[in-house]
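Take a look at the chain below.

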Amino acid sequence: MKRNSLSSFHVSLWLLFTAVILQAVESAKGKYAHMLFNKLFEDYSNALRPVEDTDKVLNVTLQITLSQIKDMDERNQILSAYLWIRQSWYDAYLRWDKDKYDGLDSIRIPSNLVWRPDIVLYNKADDDFSEPVNTNVVLRYDGKITWDAPAITKSSCVVDVSYFPFDSQQCNLTFGSWTYNGNQVDIINSLDRGDLSDFVEDVEWEIRGMPAVKNVITYGCCSEPYPDVTFTLILKRKSSFYIFNLLLPCILISFLAPLGFYLPADSGEKVSLGVTVLLALTVFQLMVAEIMPPSENVPLIGKYYIATMTMITASTALTIIIMNLHHCGSEAKPVPQWAKVVILDYMSKIFFVYDVGENCTSPKREKEEERKLEGDDGCRRRHKEVRSHLSNRNDGCDLKEKLNGNLNKSYGVHGENVRETVNCCSCYKILIKNIEYIANCVRDHKANRAKGIEWKKVAKVMDRFFMWIFFIMVFFMSVLIVGKAA
């Protein structure tokens, strides 16, 4: 027990001694840091370039870390990004011997106390021209200054929406000195690309890379070269949102357009369906136009909308023409012979179109038609029998008239029987004329009805033909635009 208490006492004493030593060291370093700061900035000026020889070039190393994409405004062509900008250079007037200051090798001081390069974003698209964030800089004993500053940048970006929503964009971030030329301040890439290790994934854009290229440009205003570093941000749009909210509804709506040909002509909704689908696509077209920049390049989804709207307009016009064919009545001309051969004989079999009221799975109707035909044949036979009987009666009347005439001539007989016979014969003649008139009317009515049925069948065949044609067109257009996403 005594040994354990003694050992714990020694440990406590050792920890107390260590804490006192560390506090003394820290206080000593703090003392040396104050002495160093007062010494360095006694005669220092942050207004001049910190080089001993004014003809010497000051090298500034630049490194950009992309943290987050805040917004991509396609309509105004502005990219908003959150960056970490690291700049490092050597200050010839801020050096010290660390052995004289108890091994103090670095200090952190406000950045506005030292000279800073005026490196700015050339393609800035922000109205705010505020000063850089005054974060601390790290000053080393050899004069190296490292300045890490966060920045929210808004840069102009040329947006190409030709393949929207399956497009890729390249946005440049060009950094360079605003007043110093290449003979005074030279910019060096720290890496050959931007740092993406701390990038926060974006919900709309996928980062494919951020290569960096150094350029040396001579402007028309000045003869000196001006170096800059351009970081190209390669973005790929995540198209799932637009597929499910803009593209897929359009595809589903466009497949409704050919179904307008399948609607019965007497329903009165064929043209209404086409107009409704056209209005729905117009709403989607306006939604796309609101987010796209006013450019000559029509986006891919816009081309699909225009093609679909054109197809629906054509289908509505064809529907009106086919409805006129369907409602051709007795006053219309007969169906041409070529239409009977091509449409009624061949195309009706290809598209499985039967007569109006007929179905391929209804043999009862065929029996009814046979019964009607048999009934018509019976009527015709009965009509012939009536006419033959009436003609025989007429012959009898004529014979009786001849006999009566002979009797009148031979014997001078006059009586009521002769007058009754003559009246009966005249009634039969009137009856025959009326029956013939009724038969002709029925015959003309059936001919006109058959003519209307033929026009209705022509309209039905054309409906089926255009329905399949437009189905194929919609299918291939949908496959074409979905293939762009692969």
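## Terms and ground rules

Two strands pair if DSSP finds at least two bridges between them. Helices (H or I, at least four residues) and strands (E, at least two) are DSSP runs, numbered from the N terminus.

This is a predicted model, where local features need pLDDT of at least 70 and side-chain atom pairs count only at pLDDT 80 or more, while totals for chains, interfaces and linings use all residues. Residues are numbered from 1 along each chain as its sequence is written, and side-chain values use heavy atoms, with hydrogens and water left out.

## The chain as a whole

The chain holds seven helices and eleven strands. Of its 486 residues, 34% are buried. Buried means under 20% relative accessible area, exposed means over 50%, and partly exposed lies in between (1.4 Å probe, protein chains only).

The chain exposes about 30500 Å², and carbon and sulfur atoms supply 58% of that area. Accessible areas come from the Shrake-Rupley method with a 1.4 Å probe; for residues, only the protein chains shown count as cover. Contact means heavy atoms within 4.5 Å. Take the contacts between residues at least 6 apart in sequence: 78% of them join residues at least 24 apart.

## A six-stranded sheet

In what order do the six strands of the open sheet run? The order is S3-S5-S6-S2-S1-S8, with mixed pairing. Strand S3 (106–110) and strand S8 (185–189) are the edge strands, and each pairs on one side only. On average, neighbouring strands of this sheet are turned by 30° against each other, direction ignored. Here axes are lines fitted to C-alpha atoms, for helices over the stretch in contact, and angles run from 0 to 180 degrees between N-to-C directions.

Now look at the pairs. Strand S1 (residues 58–73) pairs with S8 in the parallel sense, over five bridges. Leu58 has Val185 in S8 as its bridge partner. Strand S2 (residues 78–90) and strand S6 (residues 144–156) run antiparallel and are joined by 13 bridges. Ile78 is bridged to Ser156 in S6. Strand S5 (residues 136–140) also runs antiparallel to S6, with three bridges between them. S5 and S6 form a hairpin with three residues between them. In the turn, Gly143 has a positive phi of about 95°.

## Helix H3

Does helix H3 have buried residues on one face or exposed ones? Start with its length. Helix H3 (residues 270–291) has 22 residues, which should span 32 Å at 1.5 Å a residue; its end C-alpha atoms are 34 Å apart, which agrees. The expected span is 1.5 Å times one less than the number of residues.

Lys270, Gly274, Val277, Leu281, Phe284 and Val288 are buried in H3. Seen down the axis, the buried residues of H3 fall within an arc of 90°, so they line one face of the helix. That arc is the arc of the directions from the helix axis to the C-beta atoms. On the other side of H3, Thr276, Leu279, Leu286 and Glu290 are exposed.

Most residues other than glycine have a negative phi, and most peptide bonds are trans. Some spots in this chain depart from that pattern.

Gln77 is not a glycine, yet has a positive phi of about 55°. Gln77 sits in the loop between S1 and S2. With 29% relative accessibility, Gln77 counts as partly exposed. Asp102 also is not a glycine and has a positive phi of about 55°. Asp102 lies in the loop between S2 and S3. With 41% relative accessibility, Asp102 counts as partly exposed.

The peptide bond from Phe164 to Pro165 is cis, with omega near 5°. Pro165 lies in the loop between S6 and strand S7 (168–177).

Asp55 is in the loop between helix H1 (2–40) and S1. Asp55 is exposed, with a relative accessible area of 66%. Asp55 and Asn183 are 128 residues apart in sequence and 7.8 Å apart in space, C-alpha to C-alpha.

Met323 lies in helix H4 (residues 300–326). Met323 is buried, with a relative accessible area of 19%. Leaving aside neighbours within four places in sequence, Met323 is in contact with Ala265, Lys270 and Val271. Met323 and Lys456 are 133 residues apart in sequence and 9.0 Å apart in space, C-alpha to C-alpha.
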